[in-house]
Amino acid sequence: ESPLVDAKVFDGAVVVQMLHPKTALTFDEYVETVFMPYVTMQLQTAERLDIVWDTYKENSLKKGARENRGSGTRRRVAPSVKVPSNWKSFLRVDGNKTELFKLLAEAVGNVNVPGKELYSTYGNNVVTTGPRESMEGLQPCSHEEADTRIFLHVLDAAKKYDRIMIRTIDTDVFVLAVSQMQRIPEKEMWLAFGTGRQFKYYPIHKIARSLGPQKSLALPVFHAITGCDTVSFFGGKGKKSAWDTWSVLPAVTDAFLEIAAAPSRLSDNCLKTIERFVVVMYDRGSELHSVDEARQHLFCKHARGLDR
């Protein structure tokens, strides 16, 4: 069951992935018959709706990750242009999405629903239909991805509303939501996460409360170190193994928090603790603190061939 909320913050790319053109022949028809009816429907159960779009930068670390998802054909996006038959392929091209997101943001900016607040990012800026004098805290914004920019809108909505929902399919947003909950501990935050049979509503405020403030704030660093879009996973060790290791080595929380503070230089103790974390992840009973020593020990222990 959908929880009762006052404000919703949506990852725009997720919405577009879900909303196939169906019978819409042109982009103008797509806006009028598919996208805007969905937006209007979402406003029926909330006082405020924010739609946050990705921006695509040429020199981005994320560019490689996007290219690995496949390629498509560049198509011009304009109201009278025909919608491509292969929607997924169309959305693999950054240029296509940039133009489409701009078109949809402009459509949102032209809507006026009495008594409701509607926001949409538009490049580095924000368009809104609500009566608002200042956009301080929302624009100008240099965030490349909706994953992080979403939380600027969450924190802005939390100034007025108590119950906020985020719609996403990205694990990064889940992790960041638990961490950012520490900035609005008295509020309710829900995550509408996944698609199809995997779709579920998660009470982020309860999860954060269960983990506690320290572990919640350290969670994004744990997620990054153990493998994310731009960091490799440890060989043969997934998130569950890493999480179990964190449980038996609570001292690593302080090291994660030091990294989270983004210092210009990490302390020797922090680096040694992280290295110890890796050792324990591969050998729970080990007393060693050096990854190199642990590798040598495990190699000899299992009498593996030199070619391995």
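Helix 2 crosses helix 5 in a right-handed sense, and I shall open with that pair. Handedness is judged by how the near helix is turned from the far one: clockwise is right-handed, and anticlockwise by less than a right angle is left-handed. Helices (H or I, at least four residues) and strands (E, at least two) are DSSP runs numbered from the N terminus.

Before I continue, a word on the model. It is predicted, so local features need pLDDT of at least 70 and side-chain atom pairs count only at pLDDT 80 or more, whereas totals for chains, interfaces and linings use all residues. Residues are numbered from 1 along each chain as its sequence is written, and side-chain values use heavy atoms, with hydrogens and water left out.

To return to the pair, the axes of helix 2 (residues 27-43) and helix 5 (residues 94-109) come within 11 Å, with a crossing angle of roughly 60 degrees. Axes here are lines fitted to C-alpha atoms, for helices over the stretch in contact, and angles run from 0 to 180 degrees between N-to-C directions. Helix 2 and helix 5 are therefore oblique to each other; that class takes whatever is left once angles under 35 degrees are called roughly parallel, over 145 roughly antiparallel and 65 to 115 roughly perpendicular. Helix 2 contributes F27, Y30, V31, F35 and M36 to the contact, and helix 5 contributes L100, L103, L104, A107 and V108; contact means heavy atoms within 4.5 Å. In general, an α-helix has 3.6 residues a turn, so residues three or four places apart point the same way. By class, the contact of helix 2 with helix 5 holds 10 nonpolar residues, with no polar and no charged ones. Ala, Val, Leu, Ile, Met, Phe, Trp, Tyr, Cys and Pro count as nonpolar, Asp, Glu, Lys and Arg as charged, and the others, Gly among them, as polar.

From helix 10 the contact involves S241, A242, T245, W246 and V248, and from helix 12 it involves F277, V280 and M281. Its residues divide into six nonpolar, two polar and no charged.

The protein has 13 helices and seven strands, and its C-alpha trace spans about 70 × 45 × 40 Å along the principal axes. Of the 308 residues, 47% count as buried; buried means under 20% relative accessible area, exposed over 50% and partly exposed in between, with a 1.4 Å probe and protein chains only. Among contacts between residues at least 6 apart in sequence, 59% join residues at least 24 apart.

Two buried residues deserve attention. T168 lies in strand 5 (residues 163-168) and, at 0% relative accessibility, counts as buried. The T168 side chain reaches the backbone nitrogen of D170 at 3.1 Å. This is a polar contact, a pair of N or O atoms within 3.5 Å; within protein, one must be able to donate a hydrogen and the other to accept it, and residues adjacent in sequence count only if both atoms are side-chain atoms. Beyond neighbours within four places in sequence, T168 is in contact with D11, V14, V173, L191, A192, F193 and G194.

D6 lies in the segment before strand 1 (7-11) and is buried at 16% relative accessibility. A polar atom of the D6 side chain lies 3.4 Å from the backbone nitrogen of D162. With neighbours within four places in sequence set aside, the contacts of D6 are A46, E47, R48, Y161, D162 and R163.

I turn to backbone geometry. K22, in the loop between helix 1 (12-18) and helix 2, has phi near 55 degrees, a positive value in a residue other than glycine. K22 is exposed at 72% relative accessibility. A262 likewise has a positive phi of about 55 degrees although it is not a glycine; A262 sits in the loop between helix 11 (252-260) and helix 12 and is exposed, at 62%.

Where is the cis peptide bond of P140? It runs from Q139 to P140, with omega near -10 degrees, and P140 lies in the loop between strand 4 (125-128) and helix 6 (146-157).

Finally, helix 13 (residues 291-301) is capped at its N-terminal end by S290, a side-chain oxygen of which lies 3.3 Å from the backbone nitrogen of D292. Just after helix 13, A303 takes a positive phi of about 45 degrees.
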